[in-house]
Amino acid sequence: MSLRSLRWLGQGRVGRDSRCFSSSFSQNPKLRKLRYLGAYIKNNDVEFKFDFLQAVKIHCGIRCLQSLQKLFKIEANNNALITELGYLGQLRKLEITKLKRENGIVLCTVLEKMRHFLSLKIMATSEEEVLELQSMSSPPPLLQTLALFGRLEKLPEWIPKLKSIVRIGLYWLKLMDDPLKVLQALPNLKYLWLYNVYGGEQLHIEGEGFQKLKFLGLESLGGLNRLMIDKGALPFLERLRIGACPQLKEVPSGIHHLK
C-alpha cells in the first residue's frame, strides 16, 4: 500500500518512557488522506490511574490532515497544536491528554467548531490539575461519549446541553456539589461511571431521573455515606456497581424501587 492511499496509522508501545510521534505531517502530503491516527504508551506495571495509558507528543502541522476522523492519545503540548485541531472538520473522535488549565479556553473554542464530534476524552496533566472547560457555550451537538480526567471546580454549564450523550465517564473531578443533579436529566444517557468524582456525603437520584440509564458505577467516593433513590428513577437500570466507598454502610435508600 502506498502512503498516498493510507487511511490508518497507529503506534503502540508497552513501557514507561514517552516518545514523540515523529512524523512531520506538513512535509508528508501523501498522508493527507489519513482518517485514523492513534498513538499511546501502555504501562502494565501500574493499576488504574492517571499514567496507565500515556499519550505521545505530536508535532505541529496536523492541520494538514483534513480527512482525519479519529485522533487519540495525543498530548496537548501547546495552544498552537490545540488551535490546529480546529482545522480538522471531519474529526469524529478525539482523546487529548496533559491539558493544562491555561489551555482549556483554547480547547473550548476549538470544540465549539466540531459539529461532527461523536467521542471526546480530555485528561489533565495530573489528578490535581484543574480542567478549565467552562467557556464552551455550545458543545458538539452529536456528542455521544464523554470522558473527563482531572479536577473541576464545578460541572461545566454545557453538560445539560448534551442531548445525544450516551456514555459518560468522570474521573478525579473531586466536586463538592452532587453531580447527579445535572447528569440524571440527560435524556439519552445509558452508561455512567463516576470515579473519585465527589467529596460530599450524599447522592440523590430523584424520581424520573436517569430514564434510559442501564449501567451506573460509583467508586472511590470517600465521603459518601448515603445514596438515595426515589421511586420512578432508573427504570431500565441493569447493573449498579458500588466500590471503595468506605463510609457507605447501608444499602442505598429506595433500592427496592428498582425493578
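**Exercise 1.** Is Ser119 buried or exposed?

Solution. The model is predicted, so local features need pLDDT of at least 70 and side-chain atom pairs count only at pLDDT 80 or more, while totals for chains, interfaces and linings use all residues. Residues are numbered from 1 along each chain as its sequence is written, and side-chain values use heavy atoms, leaving out hydrogens and water.

Step 1. Buried means under 20% relative accessible area, exposed over 50%, and partly exposed in between, with a 1.4 Å probe and protein chains only.
Step 2. The relative accessible area of Ser119 is 15%, so Ser119 is buried.

**Exercise 2.** Determine the surroundings of Ser119.

Solution. Step 1. Ser119 belongs to strand S8, residues 119-124; strands (E, at least two residues) and helices (H or I, at least four) are DSSP runs numbered from the N terminus.
Step 1. Leaving aside residues up to four places away in sequence, Ser119 touches Arg92, Lys93, Leu94, Leu143 and Thr145, where contact means heavy atoms within 4.5 Å.
Step 2. Arg167 lies 48 residues from Ser119 along the chain, and their C-alpha atoms are 9.2 Å apart.

**Exercise 3.** Describe the phi and location of Trp172.

Solution. Step 1. Most residues other than glycine have a negative phi.
Step 1. Trp172, not a glycine, has a positive phi of about 60°.
Step 2. Trp172 sits in the loop between strand S10 (167-171) and helix H3 (180-183), and it is buried because its relative accessibility is 4%.

**Exercise 4.** How many helices and strands does the chain have?

Solution. The chain has 3 helices and 15 strands. Buried residues account for 45% of its 259 residues.
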